[in-house]
Amino acid sequence: MNQIARSHLIMFLFALSFLVPSLEASEGDADPIYMTCLEDCEKSGCVGEMCFQHCKFSSDGKPIDGPWYLQEPLYQKWKQWDCRSDCRYHCMIAREEQRWKLGGKPIKYHGKWPFQRVYAIQEPAAVAFSAISLAIQFHGWLSFFILLNYKLPLRPDKKTYYEYTGLFHIYAILAMSFWFWSAVCHTRDVELTEKLDYSSAVALVGFSFILTILRTFDVRDEASRVMVAAPLIAFVVTHILYLNFYKLDYGNSVYESLISYPELFSYRFVLVSFITNPDLFAGLNTKVCMAMGVANLLIWGVWAGITSHPSRWKVWLFNVGGTIALLLEIYDFPPYKGFIDAHALWHAANIPLAYISWSFVRDDAVFRTSTLLKKTK
C-alpha cells in the first residue's frame, strides 16, 4: 500500500469512528446484586417487603390487571410506571442504600444516576428548574411584545420598526415548547416524551441558527431570508423525522447547552472539550446540534467583536455564564441526596441566562428602532 493510499485509509477510519455510536453500558446494569433483584422482582412483583399491585401474572407469565378495585385510578395512570420500571427503580434504590452503607459511591443505572422520585416525578429538581425557565421565557416574550406594541413608536401602518419582531416571536414559541417538553420528559422519560423533548430541541437549535444568520448579517429582504432559511428548515425537518421514525439517537445532554442560547457559549471551550473528550458528544443528534451550535458561537463572537451595539457587553456576559453552565454538563457528578446533580444545576443556570438573553433582545429592539427613526427624520 503506497503512502497516499495509507493516508486515505487513516482518514477514512478516523471519520468512520465519529459515525459509530458508543456502546457503553452503565456500571449499575452489570451489578450482580441489582440484576438478581430485578429478576426476582419481575417474577414475584416484590422488592423486599414492598410489592406492586400492577405486577400480577397469569399462569402463562403474562401480567394481568386484576379486579378493578386493585387497579390504579385513571388519573394516576399518566405516570406510566409499569411493573418493569417499578422493579428497576426500587431495586436501584435498594442497591444504592446497600452501597452507601458500605461506603460506596453512587453509580449509573441504564445510563442515568439514581434519583429519588417525588410524587412519581423522576427528576424533581430538573423539572422545577425547567418550569422556571419556561416561566422566564414567557415573561421575556411578554415584555418584548409589550415593549414593541405599547412603548416604542409604530409605523404608520401600525407595524413595528424592529425588523426581527416576527422571528423572535417564533423563537419564543419554540423556546417555551422546548422547556415545556423538557419538564415533561424529566417527569417521566418514556419514548413519547423523549421524542418530543429531542424534537423540540432540534427545532429550537435549527431556528436559532437561522435567526443568528439573519440578525448578525442584517438580512432584511424577504427573498434573501427565504433563500437562507429554506435549506436549513429542510435539513432540520429531515433530522426530526430521522429521530422520530428511524432512530432516536441518544447522546450526552451537553448538546442542550447549545440549544436554547447558542450565542451564549465560548466556542473555544466547546472545541477543546470536543477534542479532549469526544465521548461527551457521542451520537448523531448531538453532532448535528454541535455543528449548528458552534457555527452560532463563531458568528455571534465575531459580531460582538466588531459591532458598535451598546449592549454587546451582554453577549460577552452570555459567554461567561454559558461556559460556567457548560462546565456543569462536562464535569458530571451524582445527585446530592438523590435530587440535584450536575444536569439539574445546568437547568438552574439557564434561568438567569434566559433573563439576560431577552434583556439583550429588548435592547436590540430599542436600538434598531431608534436608528431607523433617525434615518427617517
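Student: Where in this predicted model is the place of L372?

Tutor: The place of L372 is in helix α11.

Student: Why is L372 called buried?

Tutor: A residue counts as buried when its relative accessible area is under 20%. L372 has 13%, so it is buried.

Student: Which residues is L372 in contact with, leaving aside its neighbours within four places in sequence?

Tutor: Here contact asks for heavy atoms within 4.5 Å. On that basis L372 touches R155, Y161, E163 and R220. Also, the C-alpha atoms of L372 and Y162 are 8.6 Å apart, although 210 residues separate the two along the chain.

Student: How do you know that the span of helix α11 agrees with its number of residues?

Tutor: Helix α11 covers residues 342-376, which is 35 residues, and at 1.5 Å a residue it should span 51 Å. Its end C-alpha atoms are 51 Å apart, so the two values agree. Helix α11 also has a bend of about 25° at P352.

Student: Now the cysteines. What makes C37 and C91 a disulfide?

Tutor: The sulfur atoms of a disulfide must be within 2.5 Å. For C37 and C91 the S to S distance is 2.1 Å, and a disulfide joins them. C37 lies in helix α2 and C91 in helix α3, so the pair ties together parts that are 54 residues apart in sequence.

Student: Is C91 buried or exposed?

Tutor: Its relative accessibility is 1%, so C91 counts as buried.

Student: What makes C41 and C87 a disulfide?

Tutor: Their sulfur atoms are 2.0 Å apart, and the cut-off is within 2.5 Å. The link is left-handed, with -75° about the S-S bond. This pair links distant parts of the chain, with C41 in helix α2 and C87 in helix α3, 46 residues apart. C41 has a relative accessible area of 0%, so it is buried; C87 has 0%, so C87 is buried as well.

Student: How many disulfides does a search of the whole structure find?

Tutor: It finds three. One of them is formed by C46 and C51, with sulfur atoms 1.8 Å apart. That link is right-handed, with 100° about the S-S bond.

Student: Why is C51 called partly exposed?

Tutor: Partly exposed lies between the limits of under 20% for buried and over 50% for exposed. C51 has a relative accessible area of 47%, so it is partly exposed.

Notes: Residues numbered from 1 in each chain as written. Predicted model: local features only at pLDDT ≥ 70, side-chain atom pairs only at ≥ 80, totals over all residues. Heavy atoms only, no water. Helix = DSSP H or I, 4+ residues; strand = E, 2+ residues; numbered from the N terminus. Expected span 1.5 Å × (residues − 1). Bend = angle between axes of the 7 residues up to and from the residue. Buried < 20%, exposed > 50% of the residue type's maximum accessible area, 1.4 Å probe, protein only.
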